[in-house]
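Here are a few exercises to work through with the model open beside you. Try each task before reading its solution.

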Amino acid sequence: MNFLEERIIKDGVVKEGNILKVDSFLNHQLDVELFDQMGAEWAKRFEGVEINKILTIEASGIGIACVAARHFNVPVVFAKKSQSVNLDGEMYTAEVESFTHKNKNNVIVSKKFLNENDKVLIIDDFLANGCALQGLISIINSAGASVAGIGIAIEKGFQSGGQIIRNLGYKLESLAIVDGMNPETGKINFRN
Ligand code: G4P
Ligand code: NA
Ligand code: NA
């Protein structure tokens, strides 16, 4: 087991509906030392890959991306979320449907902060169905930039996102892949 899997076993809580609660260290209270370790691990896994920018999405991705960025020495841009409304032409937008929240948001990045020269590492806390990720990829494509890779903290391997993204040929590095969880026993199975 790696350091993140160990932490999930120690402090993660399995909820009904296949939800893993990690709010004591990952997405409400934030363990910055852990984020630093995550950043170091991604830096190792993406060694030799040209990256000049990190892209994430509000809210939970931001803290992780900022700490990870210290290991890449690149700026962080985060996509903003808004309810679907008409938007003007100075931004890239993509519509993202949230499976968990059952709503639709536009994710938005200003054209000022993404261009065709960018080689982008996407960072986020969770990968479930991959809707958020596909929105970010679509925005990167709209900008004519390229996806250098994707770093995820926790992938829920029993949902479809990981397989879809890997099948599209992206280099996806999830630090922990949960293949199953049992809310009765609290047991969590990780992929080897
Ligand atoms: P998808 O983008 O992969 O399709 O995910 P989905 O719509 O299913 O997830 C919606 C939100 O719920 C995302 O956060 C995602 O990170 C989060 N999420 C999904 N599964 C879990 C889980 O098991 N545990 C926890 N804690 N979160 C989960 P969000 O609401 O879009 O963003 P944020 O504001 O929380 O960052
Ligand atoms: Na998130
Ligand atoms: Na979240």
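**Exercise 1. The surroundings of M38**

Leaving aside its neighbours within four places in sequence, which residues is M38 in contact with?

Solution. This is a predicted model, so treat what follows as a reading of that prediction.
- Step 1: set aside the sequence neighbours within four places; M38 is then in contact with F3, L4, L26, I64, A153 and L175.
- Step 2: M38 is listed with L4, I8, L20, L26, W42 and I154 as having the most contacts inside the largest nonpolar core, a group of 32 residues.
- Step 3: look at which elements build this core. At least two residues each come from α1, α2, α3, β7, β8, β9 and β10, and α3 gives the largest share, with 5 residues.
- Step 4: look beyond this core. Another core lies apart from it, with 25 residues, including A94, L114, L133 and L136.

For background, nonpolar side chains in soluble globular proteins tend to be buried together.

**Exercise 2. Checking helix α4**

Solution. 
- Step 1: now turn to burial. L133, G135, L136, I137, I139 and I140 of α4 are buried.
- Step 2: after the helix comes G144, with a positive phi near 75°.

**Exercise 3. A sodium site**

Solution. 
- Step 1: check for another ion. The sodium ion (ligand 3) is 3.6 Å from the sodium ion (ligand 2).

**Exercise 4. Backbone exceptions**

Locate N18, N73 and the E58–A59 peptide bond, and describe the backbone at each.

Solution. Keep in mind that most residues other than glycine have a negative phi, and most peptide bonds are trans.
- Step 1: N18 has a positive phi near 60°; N18 sits in the loop between β1 and β2 and is partly exposed at 36%.
- Step 2: N73 has a positive phi of about 55°; N73 lies in the loop between α3 and β4 and is exposed at 70%.
- Step 3: E58 and A59 are joined by a cis peptide bond with omega about -5°, and A59 belongs to the loop between β3 and α3.

Methods:
Residues are numbered from 1 along each chain as its sequence is written. Chains are lettered from A and ligands numbered from 1 in the order in which they are written. This is a predicted model: local features need pLDDT of at least 70, side-chain atom pairs count only at pLDDT 80 or more; totals for chains, interfaces and linings use all residues. Side-chain values use heavy atoms; hydrogens and water are left out. A nonpolar core is a set of buried Ala, Val, Leu, Ile, Met, Phe, Trp, Tyr and Cys residues joined through side-chain atoms within 4.5 Å. Buried means under 20% relative accessible area, exposed over 50%, partly exposed in between (1.4 Å probe, protein chains only). Helices (H or I, at least four residues) and strands (E, at least two) are DSSP runs, numbered from the N terminus. Contact means heavy atoms within 4.5 Å. Donors are N, O and S atoms within 2.8 Å of the metal (3.2 Å for Na, K and Ca); water is not among the atoms, so sites may look incomplete.
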